[in-house]
Amino acid sequence: MSKVSISRLADDVKTVVGDSLLDICLPEDSPFPDMENRVRVLAPGLLADILITAPFYDVGGVKNFSGPIETDKTGCVTMPLPDDFLKLVSIKMSDWQRAVSEITDSQSPKALQQGSRFPGIRGTPQRPVVILEGDAGGKLVVKMYSSTKGATLESACYISRPEVDSSDMIEVPPGVYHQLVMALVHNVQPSFTSASMR
């Protein structure tokens with residue numbers, strides 16, 4: 001990950017949009033009123049959408065996380081996710097034979113199978129399943145099926161939700177920078193970009 005200033009990001013968006021605006025703006029008008037503010041508001045959400053679907057080699061930096069884990073009598077392990085959680089990269093309990101890199105939605109058939117009374121249908125240390133859910137307080141947690149008594153969290157890492165920091169910078173992986181600029185171009189001035197494509 002590398003930090004990019006909002007002003008630089010806005011300048012790159014202006015450069016792409018600029019040529020298409022020359023024929024529809026009067027010379028005395030600024031074609032970019034409040035461009036930095038628009039980029040500041042839109043960039044985190046657009047970047048989050050890109051990171052969710054981007055291949056790992058384009059995303060780069062990840063964060064490790066851990067938290068209090070609770071294991072119930074059926075072997076289901078529950079752990080809260082970080083507040084800035086966006087996407088799971090990998091998670092592994094100490095007794096699992098492999099790490100899991102995909103979170104299953106709580107409404108999917110696979111998630112519903114985890115409530116079965118038949119052990120062969122549920123996730124096991126040989127074929128673990130990780131479900132994303134919300135707890136009673138609305139906080140995101142993962143439920144991991146399943147683990148043996150005394151097992152501990154061996155490793156967990158994730159991609160964090162993008163945000164603009166106090167110095168007006170945002171972390172953008174170099175591999176998706178151009179994609180973010182183009183997404184901003186299509187969102188900050190939709191009427192201008194559509195006019196240029198006629």
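A residue is called buried here when its relative accessible area is under 20%, exposed when that area is over 50%, and partly exposed in between, with a 1.4 Å probe and protein chains only. Cys 157, with a relative accessible area of 14%, is therefore buried, and Cys 76, at 4%, is buried too. The model is predicted: local features need pLDDT of at least 70, side-chain atom pairs count only at pLDDT 80 or more, and totals for chains, interfaces and linings use all residues. Residues are numbered from 1 along each chain as its sequence is written, and side-chain values use heavy atoms, leaving out hydrogens and water.

A disulfide is a covalent bond between the sulfur atoms of two cysteines. With the criterion of a pair of cysteine sulfur atoms within 2.5 Å, a search of the whole structure finds zero disulfides.

The aromatic residues come next. Rings of Phe, Tyr and Trp (its six-membered ring) pair if their centres lie within 6.5 Å; planes under 30 degrees apart count as stacked, over 60 as edge-to-face and the rest as tilted. The structure holds two such pairs. Helices (H or I, at least four residues) and strands (E, at least two) are DSSP runs, numbered from the N terminus.

Phe 85 and Tyr 158 are stacked, at 5.9 Å centre to centre and 25° between the planes. Here Phe 85 comes from strand β5 (residues 85-93), 73 residues apart from Tyr 158 in β9. Phe 85 counts as buried because its relative accessibility is 7%; Tyr 158 is buried at 5%. Phe 65, Phe 85 and Tyr 158 form one aromatic cluster.

A nonpolar core is a set of buried Ala, Val, Leu, Ile, Met, Phe, Trp, Tyr and Cys residues joined through side-chain atoms within 4.5 Å. The largest has 30 residues, and those with the most contacts inside it are Leu 9, Val 13, Val 39, Val 172, Leu 180 and Leu 184. Two or more residues each come from α1 (6-21), α2 (35-53), β5, β9, β10 (169-172) and α5 (177-188). The most come from α2, which gives eight. Another core, of 17 residues, lies apart from it and includes Phe 65, Val 142, Leu 153 and Tyr 158.
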